[in-house]
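User: Could you show me how to read helix packing and salt bridges in a model like this one?

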Amino acid sequence: MLRLDWDTCEEIILTITRNKTRSLLTAFGIFWGIFMLVALMGGVQGVQDLLSRQFGGFATNSGFIGPMPTGKAYKGFRQGRTWEMTNQDVEALRRNVPEIEVVSPNITRWGINCVRNENKITGTLKGLYPEYVAIEEPQISMGRYINEMDIRLRRKVCVLGSRLYETLFPDKSDPCGKSIEVNGIHYRVVGVNMAAGNMSVQGQAETSLIVPFTTMQQHYNYGNKIQMLSYTVRKGYAVSEVEKKVEAVLKRLHDIHPDDKQAILCINAEAMFSMMDNLFSGIRVLGWMVGLGTLLAGAIGVSNIMMVTVKERTAEIGIRRAIGARPNDILFQILSESMVLTSIAGMTGISVAVLLLNAVEQVASTPTSTAHFQISFGGAVGACFLLLVLGLLAGLAPAFRAMAVKPIEAIRDE
């Protein structure tokens with residue numbers, strides 16, 4: 001029965017040592033290939049986690065609609081006419097587009113001055129409905145978010161973004177119930193939003209001051225006008241499909257040409273996220289191609305080294321055959337040498353890559369979130385299995401050549 005005993009291991013090590021220059025070059029090829037494969041896979045996963053953290057809390061099935069000057073004349077209206085959406089559009093979309101799950105109007109004012117005592121900061125004022133949390137999820141650390149009673153009573157209340165809170169309340173005290181001044185109007189703070197994602201609508205969440213939509217319409221003389229409509233679609237529907245229905249309803253209500261492609265600004269967040277997923281999938285495939293290509297080159301190098309080794313040891317193999325070694329013994333010896341060389345180099349590459357990824361993970365992680373710059377356990381097991389298969393395949397040709405050595409001819413050649 002074939003087994004890898006101590007004598008066989010010692011013989012393998014001596015063989016590799018005798019050919020140490022070639023063995024080192026071949027081992028480096030295997031090491032570099034598996035290192036590249038593991039590092040690329042872990043790096044792609046980490047970068048994806050970082051971007052997901054930046055876009056965290058943002059609905060991937062969302063879309064946004066805004067008015068633009070018309071591109072075609074229609075029903076007596078000239079080309080280039082400006083138009084505005086109104087509160088009635090929200091109800092019309094809810095009635096006529098059942099595929100919409102949530103629809104929320106937005107109003108924004110940039111460059112507002114927020115003041116409390118001697119502290120002052122410039123930010124963005126947003127008028128929103130409570131339903132907007134389905135599109136851009138807040139992280140309320142203190143207090144609450146805007147609610148329906150705030151909307152109905154047009155309360156002068158607000159939710160502070162993280163940077164506004166840190167500037168206006170440097171002592172980190174609870175701001176709820178306290179008053180701040182925004183361009184001459186006093187608002188009572190009801191909550192703090194600590195969301196820090198880079199994916200935000202009409203201004204970053206950190207510098208945004210959120211107030212009830214109806215309050216903003218009343219105090220800033222917007223009447224029933226709105227600047228933007230945000231919506232999410234129900235499960236099973238694509239934003240690109242619902243977007244066309246939304247456009248058709250708005251064009252009909254505001255006398256816009258049905259074929260006018262300029263009058264309505266449409267932003268499809270679902271398409272943006274899908275594009276990003278495709279990008280990472282492509283990078284992942286590229287990483288596999290680079291890693292596997294390098295591994296294959298290393299495996300070919302191992303096979304060549306073993307072929308040279310078999311040629312140099314022809315007499316030795318002939319003598320072993322002459323004194324009773326079976327062909328399977330020769331086959332096992334050559335395959336063992338190939339697999340040991342491949343495994344040592346490959347395991348070293350995996351270990352170095354994991355240590356490097358762990359160091360990068362420590363640097364990239366924050367106290368509130370972690371980016372996982374590591375491969376999964378299944379991926380590590382798969383890499384180990386791949387190493388064994390490559391070692392086996394690399395040793396097959398040299399092993400069969402060694403098995404074909406005839407004892408008499410080998411001794412005569414020597």
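Analyst: Let's take the helix pair, then the charged pairs. This is a predicted model, where local features need pLDDT of at least 70, side-chain atom pairs count only at pLDDT 80 or more, and totals for chains, interfaces and linings use all residues. Residues are numbered from 1 along each chain as its sequence is written, and side-chain values use heavy atoms, leaving out hydrogens and water.

User: At what angle do the axes of α3 and α7 cross?

Analyst: Helices are DSSP runs of H or I, at least four residues, numbered from the N terminus. Axes are lines fitted to C-alpha atoms over the stretch in contact, with angles from 0 to 180 degrees between N-to-C directions. Here α3 (residues 87–96) and α7 (residues 239–253) come within 10 Å and cross at roughly 130 degrees.

User: Which residues in α3 and α7 meet?

Analyst: Contact means heavy atoms within 4.5 Å. Asp89, Ala92, Leu93 and Asn96 of α3 touch Val246, Val249, Leu250, Arg252 and Leu253 of α7.

User: And how many salt bridges does the structure hold?

Analyst: Side chains of opposite charge can pair when their charged atoms come close. The cut-off is a Lys or Arg side-chain nitrogen within 4 Å of an Asp or Glu carboxyl oxygen. There are seven in this structure. One of them joins Arg155 to Asp150, with the closest N and O atoms 3.0 Å apart. Another pairs Lys251 with Glu247 at 3.8 Å, N to O; these two sit four residues apart in α7, so about one helical turn separates them. Through shared partners, salt bridges link Arg144, Asp150 and Arg155 into one network.
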